[in-house]
Amino acid sequence: MVRLQPDPFLNELTSMFERTTEKGSVWVTLKHSSEKSKVQRNKMKTSGEKIEFRCLIRATDGKKTISTVVGPKDHQRFQASYATILKSRMTALKKRERKDKRKAADSDKKEDSKARTAASKAVN
């Protein structure tokens, strides 16, 4: 696995998406990480030291795996760049088919009123 700086990571991620446009997928995972072992974190916690957590981001297309670590200071800038890449590359997704909310609500109300009138007629 290759650990890159955030900007080269985004460039490589873009090229991964380009390679897999016709066939294939890209998997991206984000993980909360401190890059310290559990024992070290527990020692830091008991001594009162502040533990700085980072975000570990991994991407793979099945053949090549890349990763980067983003700190809290760079997170906003990285997230904005990452979002624009995702928006531009997710063109093959299909829109979800939805029922019109009004029509669905109206048909439910009609069915309920028909059931009530039928029940009241049966009682009489």
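Trainee: How many residues does α3 have, and how far does α3 reach from its first C-alpha to its last?
Mentor: Helix α3 has 15 residues and spans 21 Å between those two atoms, close to the 21 Å expected at 1.5 Å a residue. Keep in mind that this is a predicted model.

Trainee: Okay, which residues of α3 are buried?
Mentor: Those are Phe 78, Tyr 82, Ile 85 and Leu 86. They sit on the same side of α3, because they cover an arc of only 95 degrees around the axis.

Trainee: What covers the buried residues of α3?
Mentor: The cover includes helix α1 along with strands β2, β3 and β4. Helix α3, residues 75–89, packs on the sheet and touches β2, β3 and β4. Its direction makes about 145 degrees with that of β4.

Trainee: Let's do the sheet, then. What's the order of the strands?
Mentor: The order is β1-β4-β3-β2, in an open sheet of four strands with mixed pairing.

Trainee: Which strands stand at the edges?
Mentor: β1 (2–4) and β2 (27–33) do. Each has a single partner strand, so one side of each is left without a neighbour in the sheet. From one strand to the next, the twist averages 25 degrees.

Trainee: Do β2 and β3 pair in the parallel or the antiparallel sense?
Mentor: Antiparallel, over seven bridges, with β3 covering residues 54–60. As an example of who faces whom, Thr 29 stands opposite Arg 58 in β3.

Trainee: What about α1, which strands does helix α1 touch?
Mentor: Helix α1 (residues 6–19) packs on the sheet and touches β1, β2, β3 and β4. The direction of α1 makes about 145 degrees with that of β4.

Trainee: Now a single residue. Is Ser 33 buried or exposed?
Mentor: Ser 33 is buried, because its relative accessible area is 15%, and under 20% counts as buried. Ser 33 lies in strand β2.

Trainee: What is Ser 33 in contact with, leaving aside its neighbours within four places in sequence?
Mentor: Phe 53, Arg 54 and Leu 56.

Trainee: Zooming out, how do the elements run from the N terminus on?
Mentor: They go β-α-β-α-β-β-α-α. That's four helices and four strands. Buried residues make up 23% of the 124 residues in the protein chain.

Trainee: Last one: which element has the lowest mean pLDDT, and which the highest?
Mentor: Helix α4 (residues 101–123) has the lowest at 63, and strand β4 (residues 65–70) the highest at 93. For the protein chain, the mean pLDDT is 81, and 76% of its residues reach 70 or more. Where pLDDT is low, the predicted coordinates should not be read in detail.

Definitions and conventions. Residues numbered from 1 in each chain as written. Predicted model: local features only at pLDDT ≥ 70, side-chain atom pairs only at ≥ 80, totals over all residues. Heavy atoms only, no water. pLDDT = per-residue confidence, 0-100. Pairing = 2+ DSSP bridges. Axes fitted to C-alpha atoms, helices over the stretch in contact; angles between N-to-C directions. Contact = heavy atoms within 4.5 Å. Expected span 1.5 Å × (residues − 1). Buried < 20%, exposed > 50% of the residue type's maximum accessible area, 1.4 Å probe, protein only. Arc of directions from axis to C-beta.
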